[in-house]
Amino acid sequence: MTVLGLRCSNHGYSYVILEGTKEKPSVRAQQTVSSPKGFAKAPRLKWMCHEMTDLCRKYNVDAVCMKGSEGLAARGSAFVERTEMEAIVFYAANELGIKPVFKKVKSTIAKDLGQKGKAKYLLTMDTSAFPELAGMDGTTQEAALAAWSAM
C-alpha cells in the first residue's frame with residue numbers, strides 16, 4: 001500500500017510517501033514545499049491541485065491522510081487558508097479515483113497507531129518499526145504519522 005501523508009499550512013505543505021505495512025513502513029519520498037510567492041487565492045489553489053495530482057500519479061498513491069489542525073489553531077485567516085488547501089487535496093484525490101482520503105487530529109492518529117487515543121502518547125510511543133521518523137522535522141513528522149496511521 002502507498003499512502004500520501006500531508007501536513008498543509010497557509011504557506012505550503014509537507015508530505016511523506018509511505019509504502020509497506022503499518023508494521024514495517026518505508027519512506028519513499030518526503031519534502032516540504034512552499035507555495036509560490038505573490039499568487040492570489042485562485043492561482044494558489046490551482047497550483048495545489050496540480051501538486052497533489054502530480055504526487056498521486058508519480059507515486060501511484062492508494063490513500064491520502066492529512067494531519068488536521070488542533071484546538072486553538074482552528075481559527076483565524078491562517079486556518080481558513082489551510083482548510084482551503086486541504087479541500088483541494090480531497091478534490092484532487094477524488095478526480096484521480098482515490099477513495100480513502102482522511103483528515104485526522106493527533107488523538108485519532110495515536111488511536112489508529114495502537115495508542116490510547118491521546119495526543120501525548122505520540123511523544124512516547126515505540127517507533128522502532130519506523131526509524132526514519134526520528135530524523136524528520138516537525139511538520140514532515142506530522143505528515144509521516146498521518147500516513148502511518150492510515151496504513
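Biologist: Is helix 5 mostly covered or mostly open?

Modeller: Mostly covered: 9 of the 12 residues in helix 5 are buried. Keep in mind as we go that this is a predicted model.

Biologist: Which residues of helix 5 are the buried ones?

Modeller: They are T140, E142, A143, A144, L145, A146, A147, W148 and S149.

Biologist: And how far does helix 5 reach from end to end?

Modeller: Helix 5 runs over residues 138–149, and its first and last C-alpha atoms are 17 Å apart. That is close to the 16 Å expected at 1.5 Å a residue.

Biologist: Let me pick E142 from that list. Why does E142 count as buried?

Modeller: Its relative accessibility is 18%, and buried means under 20%. So E142 counts as buried.

Biologist: What does E142 touch?

Modeller: Leaving out residues up to four places away in sequence, E142 touches R7, K67 and K106.

Biologist: New topic: helix 1 and helix 2. At what angle do they pack?

Modeller: Helix 1, residues 41–58, and helix 2, residues 76–95, pack at about 45°. Their axes are 9 Å apart. The two helices are therefore oblique to each other.

Biologist: Is their crossing left-handed or right-handed?

Modeller: The crossing of helix 1 and helix 2 is right-handed.

Biologist: Which residues meet there?

Modeller: From helix 1 you have K41, R44, L45, W47, M48, C49, M52 and T53. On the helix 2 side they meet E81, E84, M85, I88, V89, Y91 and A92. The residues of this contact divide into 10 nonpolar, 1 polar and 4 charged.

Biologist: Let's stay with helix 1 for a moment. How does its span compare with what you'd expect?

Modeller: It agrees: the 18 residues of helix 1 should span 26 Å at 1.5 Å a residue, and its end C-alpha atoms are 26 Å apart.

Biologist: Which residues of helix 1 are buried, and what do they pack against?

Modeller: The buried ones are R44, L45, W47, M48, C49, M52, T53, L55 and C56. They pack against helix 2 and against strand 1 (2–9), strand 2 (12–20), strand 3 and strand 4.

Biologist: What about helix 2, which of its residues are buried?

Modeller: Those are R82, E84, M85, E86, I88, V89, A92 and A93. The buried residues of helix 2 pack against strand 1, strand 2, strand 4, strand 5 (101–104) and helix 1.

Biologist: Why point out the phi of N60?

Modeller: N60 has a positive phi although it is a residue other than glycine. Most residues other than glycine have a negative phi.

Biologist: Where is N60, and is it buried or exposed?

Modeller: N60 sits in the loop between helix 1 and strand 4. With a relative accessible area of 58%, N60 is exposed.

Biologist: Switching to loops again: where is S35, and what is it in contact with?

Modeller: S35 is in the loop between strand 3 (25–34) and helix 1. At 9% relative accessibility, S35 counts as buried. Apart from neighbours within four places in sequence, S35 is in contact with H11, G12, R44, W47 and M85.

Biologist: And S128, is that buried or exposed?

Modeller: S128 is exposed, with a relative accessible area of 57%. You'll find S128 in the loop between helix 4 (121–124) and helix 5. S128 and K24 are 104 residues apart along the chain, and their C-alpha atoms are separated by 9.5 Å.

Biologist: Last one: what can you tell me about C65?

Modeller: C65 lies in strand 4, residues 63–67. At 0% relative accessibility, C65 counts as buried. Leaving out residues up to four places away in sequence, C65 touches L4, G5, L6, F102, K104, A146, A147, S149 and A150.

Biologist: How far apart are C65 and L6?

Modeller: They are 59 residues apart in sequence and 6.3 Å apart in space, C-alpha to C-alpha.

Conventions:
Residues are numbered from 1 along each chain as its sequence is written. This is a predicted model: local features need pLDDT of at least 70, side-chain atom pairs count only at pLDDT 80 or more; totals for chains, interfaces and linings use all residues. Side-chain values use heavy atoms; hydrogens and water are left out. Axes are lines fitted to C-alpha atoms, for helices over the stretch in contact, and angles run from 0 to 180 degrees between N-to-C directions. Helices (H or I, at least four residues) and strands (E, at least two) are DSSP runs, numbered from the N terminus. Angles under 35 degrees count as roughly parallel, over 145 as roughly antiparallel, 65 to 115 as roughly perpendicular and the rest as oblique. A crossing is left-handed if the near helix is turned anticlockwise from the far one by less than a right angle, and right-handed if clockwise. Contact means heavy atoms within 4.5 Å. Ala, Val, Leu, Ile, Met, Phe, Trp, Tyr, Cys and Pro count as nonpolar, Asp, Glu, Lys and Arg as charged, and the others, Gly among them, as polar. The expected span of a helix is 1.5 Å times one less than its number of residues. Buried means under 20% relative accessible area, exposed over 50%, partly exposed in between (1.4 Å probe, protein chains only).
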